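Here is a short briefing on a protein structure. Look at the sequence and the model, then read on.

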Amino acid sequence: MTLDADTILSVRNLRTWFRTKYVTAKAVDGVTFDLKRGQTLAVVGESGSGKSVTSLSIIGLLSRPGAIESGEILFRDRSEKVQDLAKLGPRGFRAIRGREIAMIFQEPMTSLNPLYTVGDQIGEMIALHNKLDRHEARKRTLEMLQAVEIPDAKNRLDDYPHQMSGGMRQRVMIAMALACNPSLLIADEPTTALDVTIQAQILDLLRRLQEQMGMSILFITHNLGVVAEIAHEVVVMYAGQVVEHAPVIDLFARQKHPYTKGLLACTPNAARDLEPGGTRKALYSIPGSVPPITNLPPGCAFAPRCEYAIDACHAMPPSLTDAGADRLSRCLRSSEL
Amino acid sequence: MNVPETNRSDALLTVSGLVKRFPARNGRTVHAVEDVSFEIRRGTTVGLVGESGSGKTTAGRTLLRLIEPTEGQAIFDGVDIFALPEKQMRAYRQRMQIIFQDPFSSLNPRMRVEAIIGEALDACNFPKGERRKARIGELLTLVGLQPEHGRRFPHEFSGGQRQRIGIARALAVEPEFVVADEPVSALDVSVQAQVLNLLSDLQQRLGLTLLFIAHDLSVVEYLCDEVVVMYLGRIMERGPARAVYGSPRHPYTKALLATAPVPDPTRKRTRVPLQGDIPSPIDPPSGCVFRTRCPHAIDACAQTVPQAEHIGENHHVACIRQSELAVAS
């Protein structure tokens, strides 16, 4: 279990499967990536791509019948000790979750308990991990609410979640997640439920907090605009596998997988899709839809929707290979793209 | 009440002074839509944009009288449909349809697709039998599905296909005017483009007039001829899409456009994000409703509700400082 000194998380050939009596859904099937210290890695994909299951595997929150089938999740904790989270039991995770790795979710309302004030909920977690008494915990809670820029934080401590707006609740979630100064934050679509002006505030806040506290962020999203705003590196997932991995600037400059290319092309862009006279060109669209994970084609999972597909693509699944400086692509024809 | 000054004959729908208030607890009132006026010309697409709580969905639904308006007029093809008794309104309902956001909850899971579309045909007394079967097949083909799909149930379809069924149902009665309420926001990105292309294509082929309600600015810019920007129940700015996107004049429009994430990591982030949240529509700010978050607000903004000023062809802005801000920038 070796890990580069500047790598905090290394997911290696992770397979998380959901086995039932009749079918096996290979939600995550051989995912590999590294996250560097202090950086943000965005995992992009549509529904069913396996991006959320990947993050739940890392933080040990899979629910049955989902289970890690094979692979390693190497994580470097504060004391520089490297552990394999894929083999960690519930007791081991209790020491890590919240303290070393924290997570924020898409829907801040359902992640907060409606019966407790936000101060109590953040305080509980601080007291639990730091063995502080109530007064100290409350003081630290206030500091956290101020750190996430909640206006009039002192008076908002005793608010219940329903008294806050969606953006404020997401700030509370971030305060709670960062209260114990974790080295890794997993953010699963944290701005998807928010309006654009609020989304911009939350992205700014995450960027600032990352600079101050130095945590690494694994950012799960389907929105390529958000990726461009926040990520250092990007992993694109499709049908449970990584199809492309590249530094953010390179990825947007040139895509080495037809799926990534298609995703970018089908987001409307006035400069490209409107003629000077105002007539619309038809938007590029990827034909068909994401195949069910229980019934994937034998070759490349994207081949049936891919305009570059040749016979070889349908015959055998391609592997993730080098596609130029610091980047990988799971496509037989990546060199032609 | 402020009536659009150009009551042009090619307007299919002219909305003036639309107000919708809902009673809230303790005798208070939710001001969902306040004094909204705009028009939709025949065969064009108007985009209604705004954040959650801006009143865009309520405005769209009152236009079809799915929610009864509190005040105002909506002249549809020469007739004020807000003044019509329910019985006469029925005839107009055939001419105006809606496509809903969520293709999962807007289709009855226990009905076959042919029955879902058939229900719409019942509403216009379409004869049963072979002719109906052919018509359903025709509608399914129109939206890019196959006639055989009529025998299936909604759960057998993907999200994008379900949205196509919703579109087929709306088009079954051959409407002239369709309200599309966030029709692609529940869909995956790769499927969104398919549905947008379909809507754009159908509009051209059938000569539909569309009111497209959305929060995604790039989608609206692509699809719409004109844009209406709403905030907290009121119109901030409206005009041709090209003008509003190219030279936005209201501070809110500017902020919206500046905060929308752009898929370009090399773009410099110079924006100052809007501070704070959208206030409660139960107790909206006095004067300009945007003033509590506006970087340019002055004392006078709290005094009076700014009226829409005409600043270019069909381009209107409701901001008392719009001309001095235009000079300053």
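This is a predicted model: local features need pLDDT of at least 70, side-chain atom pairs count only at pLDDT 80 or more; totals for chains, interfaces and linings use all residues.

Residues are numbered from 1 along each chain as its sequence is written, chains are lettered from A and ligands numbered from 1 in the order in which they are written, and side-chain values use heavy atoms, with hydrogens and water left out.

**Where the chains meet**

- The contact (heavy atoms within 4.5 Å) takes 45 residues from chain A and 40 residues from chain B.
- Chains A and B bury about 3,400 Å² between them, and 53% of it is on carbon and sulfur atoms. Buried area is the accessible area (1.4 Å probe) that two parts lose on being put together, summed over both.
- Thr197(A), Glu229(A) and Arg280(A) supply 20% of the area that chain A buries against chain B, more than any other three residues.

**The salt bridge between chains**

- The count between chain A and chain B is one salt bridge. The term means a side-chain nitrogen of Lys or Arg within 4 Å of a carboxyl oxygen of Asp or Glu.
- Glu229(A) pairs with Arg267(B), and their closest N and O atoms are 3.3 Å apart.
- Glu229(A) lies in helix H9 of chain A and Arg267(B) in a loop of chain B, so the pair joins two chains. Helices (H or I, at least four residues) and strands (E, at least two) are DSSP runs, numbered from the N terminus.
- Glu229(A) is buried, at 5% relative accessible area. Arg267(B) is partly exposed, at 29%. Buried means under 20% relative accessible area, exposed over 50%, and partly exposed in between (1.4 Å probe, protein chains only).

**Salt bridges within chain A**

- The structure holds 36 salt bridges over all chains.
- One of them links Arg15(A) and Asp29(A) at 2.8 Å, N to O. Arg15(A) sits in strand E1 and Asp29(A) in strand E2, so the pair ties together parts 14 residues apart in sequence.
- Glu69(A) and Arg19(A) also form a salt bridge, at 2.5 Å, N to O. Glu69(A) is in strand E4 and Arg19(A) in strand E1, so this pair ties together parts 50 residues apart in sequence.

**A buried residue in chain B**

- Asp181(B) lies in strand E7 (residues 177-181) of chain B.
- Asp181(B) counts as buried, at 4% relative accessibility.
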